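Reader: I am new to this structure and would like a close look at a single part of it. Please show it to me and then go through that part step by step.

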Number of protein chains: 2
Amino acid sequence: MPAKLNKKSRVVAVISGGLDSTVLLYDLVAKCAEVKALSVNYGQRHVKELEHAKSICARLKISHEIADLRGIAHLLAGSSLTSKDIDVPDGHYAEETMKATVVPNRNMILVAVGAAWAIANKFDAVAFAAHAGDHAIYPDCREEFAQALDKAVSLADWHSVAVARPFVSISKADIVRLGVKLGVPFADTWSCYKGGAIHCGTCGTCVERREAFVLAEAKDPTAYLAQPPIPALK
Amino acid sequence: MPAKLNKKSRVVAVISGGLDSTVLLYDLVAKCAEVKALSVNYGQRHVKELEHAKSICARLKISHEIADLRGIAHLLAGSSLTSKDIDVPDGHYAEETMKATVVPNRNMILVAVGAAWAIANKFDAVAFAAHAGDHAIYPDCREEFAQALDKAVSLADWHSVAVARPFVSISKADIVRLGVKLGVPFADTWSCYKGGAIHCGTCGTCVERREAFVLAEAKDPTAYLAQPPIPALK
């Protein structure tokens, strides 16, 4: 049963500083009574996304905390997102090579920590920007996993917290369209997994970001290092 | 469906350095193909339990890692176990005052991190020493919570990991009896929530520890600061 958020809801939003979660944050601030933001440092190489998250929260004047999980990064070895020995693959998400970006059990850890902070604040829900385009290569993006996890969260404390995924049935292009309506400062969001000076334009998340703006017929204000044709749009 | 462990099982044991999880570790080492131990530093005031965990693993010659979650301790405020501003209550666990020892969503965070490490190692299961005496004041010790969480863990990755709670139907006194059979060095385990030089003998976990040895009719080698009568045994 997905959580229904309303004007009385007090919500912890788990945000990365990326496009999806920034639009989520703007949407929640518009719709709910109180919003606090939580970001996670898990030793990701694109740690600069956290600076973007911080700047967006300052702009919205909402409280922002960082859950520093670097103390467990050594346990999550084997992903290109946390290991410097493994390259971030280029290409479209749908490709087999993208499995290198899977961090073991990342979503459960994020939900568990977000829910803990929501419980400590006696808030109603913890919200994530999971969307319809989240990919089958990530086993912890599956609906049956989400259902089991949400049930566990609701039972984790006497003060019951719901898990909200307001974007779960919409596409990334829909998220861009919503962001345009809400006046989201897209140029301040960070998606690229490589974490360079500007977006690379070629890693899975950059390709997906570029594709979403094209499909939404919206202006993409992002500076990219390269913009090769997007396979799915050919 | 509880996980069945056998001679072929490769298991991550989440251990605190306390009595229950040390007996669990000895039991798993006796029964399974391979065991790795994981302890968690979540900013608990009784952090010395981690030294005990390390020493026990060295004795058993098994690999031991610490998940350092101090970077999220500020999000879990409000428990006497993590906050220096709140006293650890004395008395029996069953009492209302013990609610001060609840850390928000602790069990889900522990299971999520343990499962992540089990997935990274391609192990079969992550095991915990939850037992029949775990208390209703801890909402995340409830059976319905455990069931939902276990299902989520099994779906969290293509490599499915089970959550094992081999002691879930036995009492702490039964755990002491098993520990005696397995030759567990009880004097090397640490239970006290206060984390002083020796066990206080009066906090919830000390009272429970003393009680278990009495009920098991086993010699308790622990040095306690005080040993007032145990209410439940009067």
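What is the mean pLDDT of chain A, and what percentage of its residues reach 70 or more? After that, please look closely at where α3 of chain A and α3 of chain B come together.

Author: This is a predicted model. Chain A has a mean pLDDT of 87, with 86% of its residues at 70 or more. For the complex, the predictor gives an ipTM of 0.83 and a pTM of 0.85.

In chain A, 35 residues are in contact with 35 residues of chain B. On the side of chain A that touches chain B, at least two residues each come from β3 (64–68), α3 and α4 (143–154). Helix α3(A) gives the largest share of that side, nine residues. Sorted by class, the side of chain A that touches chain B holds 24 nonpolar, three polar and eight charged residues.

Now the pair itself. Helix α3 spans residues 106–120 in chain A and residues 106–120 in chain B, and the two axes come within 9 Å, crossing at roughly 165°. Angles over 145 degrees count as roughly antiparallel, and α3(A) and α3(B) are therefore roughly antiparallel to each other. The crossing in which α3(A) passes α3(B) is left-handed. From α3(A), the contact is made by A:M108, A:I109, A:A112, A:V113, A:A115 and A:A116. From α3(B), B:M108, B:I109, B:A112, B:V113, B:A115 and B:A116 take part. By class, the residues of this helix contact are 12 nonpolar, with no polar and no charged ones.

Note on methods: Residues numbered from 1 in each chain as written. Chains lettered and ligands numbered in written order. Predicted model: local features only at pLDDT ≥ 70, side-chain atom pairs only at ≥ 80, totals over all residues. Axes fitted to C-alpha atoms, helices over the stretch in contact; angles between N-to-C directions. Helix = DSSP H or I, 4+ residues; strand = E, 2+ residues; numbered from the N terminus. Parallel < 35°, antiparallel > 145°, perpendicular 65-115°, else oblique. Left-handed = near helix turned anticlockwise from the far one by under 90°. Contact = placed C-beta atoms within 7 Å. Nonpolar A, V, L, I, M, F, W, Y, C, P; charged D, E, K, R; others polar. pLDDT = per-residue confidence, 0-100.
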